[in-house]
Amino acid sequence: MQRRAFPSLPGIVVLGVAACTAPGLGNLTHDPPAQESATGASGSASEDGPATTSEPAPPTGTTSEDPATTAVGSTTTEGSSSSSSGSSTTTEDDPSAPPAIVDGGLGPDPLQQPGPVSVTIDTAHADGVRMQVDGGPVIELGPAEADAFTGEIVVYTALDNGPHFATFVAWRGELESEALELPFTVALPPMGSELFWEGDNAIGQGTVIALAVTPSHHLIELGTYYPQGDARCYLRRRSLGGTWADGDLFEVKPGLKCSAIDLAVDDDGALLVLVDKLEGGELRWWLGKYDAWAGQPVNVGAGVVGDRARALARTGDRAAVCGTRPKGNTVTATAWMFASGGGAGTIVTYDYLPPTQPPLPLEFSETPNDCTFLDDRLFITGEVKGKHEQDNVIRVKHFLLESGFAGEDPIWKLAASGFSQGGGRVITTDGDSQVMTGGYFCGDQCDPLSELRMFAGGQQVWRRSLDPLLLDPRALAWHPAGYVVFVASRQLEKDVTSFFAQAWFPLKNQSLWTYEHQDGPTIHTPTALAIGPYGQIYAGGITAGGYPAVAIIAP
């Protein structure tokens with residue numbers, strides 16, 4: 001599943017509304033929870049005196065559920081994003097008058113949820129306004145209404161908790177105004193704390209298999225549930241706060257026995273849904289596209305009997321279904337490639353050959369478990385099973401496979417370790433040059449232990465073994481603050497596991513934060529992970545009673 005990284009310092013990103021937008025966001029709206037008693041910093045500056053600012057309001061504790069609206073790419077801010085306290089005046093044009101800031105404001109202050117601090121600066125005789133946060137890079141604000149300029153300061157993580165300041169300078173040609181400095185405070189909840197949990201019988205027993213966030217800022221949940229005892233696939237739409245209502249749930253391939261596999265969202269908000277369906281007594285995977293919620297899907301592709309789909313990856317107008325096809329007594333790694341132009345797609349198979357000269361005619365089974373795109377290159381992780389050593393013993397090895405969209409230039413990388421066996425379960429990228437896998441390792445008598453591996457330039461550059469009580473990672477994502485998050489079950493005792501998530505900065509030897517949830521002494525299995533537009537961490541899976549569960553974790 002594709003996970004795009006965002007620039008961060010480590011968790012603050014400055015946006016000029018017209019001049020710059022966050023990668024993958026565009027000019028879209030966001031509906032974060034309003035802050036209780038949140039205020040905004042404001043101030044004014046003129047040619048005759050220094051800038052003045054109000055003191056930032058202290059943190060006020062928890063947030064309410066009433067929505068506020070920040071219109072990204074427009075001129076309005078409502079709810080907890082406060083406007084400046086002064087008044088904006090427009091004077092007649094005077095070619096000799098220096099530019100000036102006459103008023104300015106930002107909010108919410110304090111910021112108590114991951115999201116934007118909205119900025120509005122009113123000017124006179126100015127062509128633009130430049131902003132710096134904490135002395136960082138200079139960003140040009142975007143024009144709003146006459147003599148006003150707006151932008152956003154986006155905060156992704158509680159790593160940035162504490163006082164900050166933004167400095168503004170109006171300009172026209174070579175002339176600049178006096179600087180206006182506005183303080184603000186970041187007071188996000190502690191990293192790894194639980195912001196939301198739902199695990200109940202509203203739709204009966206089931207499992208959340210995949211999560212994704214749309215450009216319209218909805219959390220989409222793909223899962224399998226069991227009405228009348230038969231497996232069915234469903235899609236559920238939630239707010240970014242986790243809530244849902246009537247009309248937010250519908251069945252995929254209604255009336256057919258179905259098992260969910262994976263989910264992706266394209267740049268226009270269309271849902272790509274990958275499932276297994278049983279129709280006419282034949283089990284086949286199916287990839288469909290929903291351009292409208294609960295609308296009629298477009299058939300993108302389908303497998304034949306014997307094909308096995310395991311993951312879905314998307315980049316731009318391209319998608320890949322990763323899985324296996326039968327090959328005699330073994331299976332071979334396969335990717336079904338689809339482009340937005342339609343058509344039957346392209347089938348690419350990958351055969352692993354051991355690094356001997358000439359290659360030995362040995363049989364290997366290659367089983368992809370997850371895949372993702374990095375630019376136009378497809379990366380697949382999984383397991384290669386066969387006789388890797390001269391002792392003629394069948395072993396399983398962790399692999400990372402890279403290839404072009406048409407299958408050209410495949411590069412196999414079997415991960416090295418001091419253990420004889422292992423496998424890759426999940427994969428993500430930082431959107432730039434680094435690939436991370438989560439999986440397991442063990443000896444010939446396999447008692448698996450969980451691990452993370454990072455690759456750059458085709459070479460492994462970092463490996464980290466995890467808590468020995470953890471089962472294999474089930475989902476993995478790169479966070480915009482620069483760390484990776486995984487979810488897994490943690491074995492507490494026989495038939496008792498917890499719903500577990502953990503964050504790591506690459507190359508570090510200690511985790512950043514840990515989240516754990518239990519609804520009782522029974523099985524809990526997290527299976528899905530998604531990152532929201534402002535760094536929100538969403539996890540899904542199954543909880544006590546066999547019910548689908550969704551958690552929101554503070555970043």
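Buried means under 20% relative accessible area, exposed means over 50%, and partly exposed lies in between, with a 1.4 Å probe and protein chains only. This is a predicted model in which local features need pLDDT of at least 70 and side-chain atom pairs count only at pLDDT 80 or more, while totals for chains, interfaces and linings use all residues. Residues are numbered from 1 along each chain as its sequence is written, and side-chain values use heavy atoms, with hydrogens and water left out.

Q: Why is cysteine 446 called partly exposed?
A: Its relative accessibility is 41%, which lies between the limits of 20% and 50%, so the residue counts as partly exposed.

Q: What makes cysteine 442 buried?
A: The relative accessibility of cysteine 442 is 2%, and because this is under 20%, the residue counts as buried.

Q: How do you know that cysteine 442 and cysteine 446 form a disulfide?
A: A disulfide is a pair of cysteine sulfur atoms within 2.5 Å, and the sulfur atoms of cysteine 442 and cysteine 446 are 1.9 Å apart, so the pair meets the definition. The link is left-handed, with -95° about the S-S bond.

Q: Why is the pair of cysteine 322 and cysteine 371 called a disulfide?
A: Their sulfur atoms are 2.2 Å apart, which is within 2.5 Å, and the pair therefore qualifies. This pair links distant parts of the chain, 49 residues apart, with cysteine 322 in strand β25 and cysteine 371 in strand β28, where strands are DSSP runs (E, at least two residues) numbered from the N terminus.

Notes. Helix = DSSP H or I, 4+ residues; strand = E, 2+ residues; numbered from the N terminus.
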